[in-house]
Structures are given as structure tokens and as C-alpha cells.
Amino acid sequence: MIKNMKFEFIISKWANFYFFISNLSEWHFSCRTFYNEFWRKELGGFSKKEKKSLKLFAKLHEKYPFGSDFFGQIFFVKKNPLINLKRERPKKDFQLLKEIFKIFVPNFEKLYKKELPLLKIWEKNLKEYSNKILIVRQLNTNLAFLYHTKPIQKNIKVYLLFSSPNLSGGGTNMDGESITLEISRYPLKAINQVIGIIWHELIHLYFENDYFLPLINETFASDQKKISLLKEAAASSLLPNGVLGVNLLKIKSKLLNSKIPSKYNRPFLRLSKEYLRKKKFFDKQYIRNAVSIILS
């Protein structure tokens, strides 16, 4: 029998402070520029000193990118991250980081005052709706079968972060064990969509890693662009707006994912529907079919 898994939703001030500055610095292609536009309007823009600090922050991230040197996860997993950074980073880099955070305290506090009550509302509702046993078991079982791996049998931490009113997103870049969810301003009526986003991120965090990604790597070798496209198209054909999102979460949407060219939507949906109907996991034939879609 599958052990019940649960989601633990966390509101961390430090995590949001880091996310705020990191996203504003736009050091990585995954940074959400639309959040930055929204925050500039909310806060009335930024001073020359703040703009200069963001450039310095981006340079620090170029020095410590995702991987073993990445320092961003400290702001999520530690109660007082500055103490850890002081021990782990060169004095010059630590002092620069400390100064950048100090510069942004007034603007962050102004924004956090508005965002915290909204995050708490989301936390309360997500605790109730995302942990419904039947839905959790159905999604866990279906994804484990399709990706030819074991169901998740542990609790998953989800860090709740700032967002803009019309957009939400998720990520798995922090510690390899948890999910980030940008949610504060997103409308509560879209909660099923948000639950779908969480499970989409779980595909990337867990389900695709043991069997599916090695299968893609066999086909594309070092072509990271095609690997990224295929795994994103496969996941999106299931959740949040794909087959499982429609069947189990009652989500209604035509667009799978903005990262995927719209011409691939229908073919990937048809392919995933076929595998679910025939009760087949994503095998080598699935990869061949997916490749023919991408190359068509």
C-alpha cells in the first residue's frame, strides 16, 4: 500500500526576501520579468543605488550559479541564513551580500506588509485542498505509472512566494527536495490550477528522474535544448492543463505551457491520452513519437 504523502506549506520571510532581490537582478533566464514590472509599479521604481546593487547581486550569482556553489537555497532552509553565509563565503562576498539586503530592506518591508496576509490565505486554502487523500493518491499513482517509477512516499515542502495578480509559477531549484510556488497575488478561484502547478513541479523534482530522463538522454545525447523541450512538453501534457489536470482537477485551459510552441499542444495531448488509455508507461516508442512531433 502507498504511504500517504502530504504537502507542507511554508511562508518564509527570508525566502521571499531572497526571491525578491534575486528576481529583480534577472541573473538567470528563469527570472520572471513580469513580476519585476509589477513590483516597480507597486514601489514606485528604484534608486540608482538599488539598481547598482542588483547588478552586483547578479554578478555574485554568476560566480555562484546553480549547483554545489549556489547560495540561494540557504535563504529557504536556514532560519538565519546570514550566519551560514558568513561561515561559508569569502568575507568580501559576504559583506557585499549583507549590504545589498540592507539596501533593499525598506522596499521589501513595504511589499511584504501587503503580501503576507495574502500568502496566509493561500496557505490555509492549500493545506485543505491539496491534501485531499483521493486526489493525492490518484495523481501520485498515475504519475508513478507513466514515468515508470515508485510513487512518492514522503511529505513535500512547498515554499510560498510573492507573485503578480495574473501570473503564477513554480520551481525546483532550491535544495532538490522542495518546491517553490509564486502565489501571493494569484486569484484564489484558480486553486485547482495551482495544485496542478505543484504536481507539474513534482514531475520535474521526482517522477521523471529515475527512468524518463535517462531515456531522453539516450536519444538526444548532449542536446540540452531538445531534452528540455521534450521533458517540459511531456509534463505539461499531463499537468496543470493537460490530461490529468482536466480529468482529475477539472481544469479548463487550451494552452499547455508558454515554454512550448503551441503547435505541439494537440499532438502531445493526444500522445499522453493514448498512453493513459492503453495503460502504458512512457517507453522508447513514446520518445520516438515525441521526437517526430518536435521535428515535424
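## Helix H10

In this predicted model, helix H10 covers residues 224-236. H10 has 13 residues, and the distance from its first C-alpha to its last is 18 Å. That is close to the 18 Å expected at 1.5 Å a residue.

Several residues of H10 are buried: Ile227, Leu229, Leu230, Glu232, Ala233, Ala234, Ala235 and Ser236. What covers them includes four other helices, namely H8 (191-207), H9 (212-220), H12 (265-277) and H13 (284-295).

## The nonpolar core

In soluble globular proteins, nonpolar side chains tend to be buried together. The largest nonpolar core of this model holds 101 residues. Those that touch the most other members are Phe20, Phe104, Leu126, Tyr147, Trp199, Leu202 and Tyr286. Helix H6 (residues 91-130) gives the most to this core, with 12 residues.

Phe104 can be looked at in more detail. With neighbours within four places in sequence left aside, Phe104 is in contact with Phe17, Phe20, Ile21, Leu24, Phe46, Glu50, Ser53 and Leu54. One of these partners, Phe20, is itself among the core residues that touch the most other members.

Strands of a sheet pair through backbone hydrogen bonds, either parallel or antiparallel. Here four strands form an open sheet in the order E1-E2-E4-E3, and the pairing is mixed. Strand E1 (7-10) and strand E3 (169-171) stand at the edges. Each of these has a single partner strand, so one side of each is left without a neighbour in the sheet. On average, neighbouring strands are turned by 25° against each other, direction ignored.

Helix H6 lies across E1, strand E2 (156-161) and E4. H6 runs at about 180° to E1.

## Strand E4 and its partners

Strand E4 (residues 178-182) pairs with E3 in the antiparallel sense, over three bridges. Within this pairing, Thr180 is the bridge partner of Gly171, and Glu182 is the bridge partner of Gly169. E3 and E4 form a hairpin with six residues between them. In the turn, Gly176 has a positive phi of about 75°.

E4 also pairs with E2. These two strands run parallel and are joined by five bridges. Lys157 has Ser178 in E4 as its bridge partner.

Is E4 covered or open? E4 is mostly covered, since five of its five residues are buried. Ser178, Thr180 and Glu182 point one way from the strand, while Ile179 and Leu181 point the other way.

## Salt bridges

Side chains of opposite charge can pair when their charged atoms come close. The count in this model comes to 10 salt bridges.

Which residue forms a salt bridge with Glu182? The partner is Arg32, at 2.9 Å from N to O. This pair links distant parts of the chain, 150 residues apart: Glu182 is in strand E4, and Arg32 is in the loop between helix H1 (13-25) and helix H2 (33-43). Glu182 has a relative accessible area of 3%, so this residue counts as buried. Arg32 is buried as well, at 18%, because the cut-off for buried is under 20%.

Glu42 and Arg185 form another salt bridge, with their closest N and O atoms 3.0 Å apart. Glu42 lies in helix H2 and Arg185 in the loop between E4 and H8, so this pair ties together parts that are 143 residues apart in sequence. Glu42 is partly exposed, with a relative accessible area of 22%.

An α-helix has 3.6 residues a turn, so residues three or four places apart point the same way. Lys127 counts as partly exposed at 45% relative accessibility, whereas Glu123 is buried at 19%.

Salt bridges that share partners join Glu42, Lys114, Glu115 and Arg185 into one network.

Note on methods:
Residues are numbered from 1 along each chain as its sequence is written. This is a predicted model: local features need pLDDT of at least 70, side-chain atom pairs count only at pLDDT 80 or more; totals for chains, interfaces and linings use all residues. Side-chain values use heavy atoms; hydrogens and water are left out. The expected span of a helix is 1.5 Å times one less than its number of residues. Buried means under 20% relative accessible area, exposed over 50%, partly exposed in between (1.4 Å probe, protein chains only). Contact means heavy atoms within 4.5 Å. A nonpolar core is a set of buried Ala, Val, Leu, Ile, Met, Phe, Trp, Tyr and Cys residues joined through side-chain atoms within 4.5 Å. Two strands pair if DSSP finds at least two bridges between them. Axes are lines fitted to C-alpha atoms, for helices over the stretch in contact, and angles run from 0 to 180 degrees between N-to-C directions. A salt bridge is a side-chain nitrogen of Lys or Arg within 4 Å of a carboxyl oxygen of Asp or Glu.
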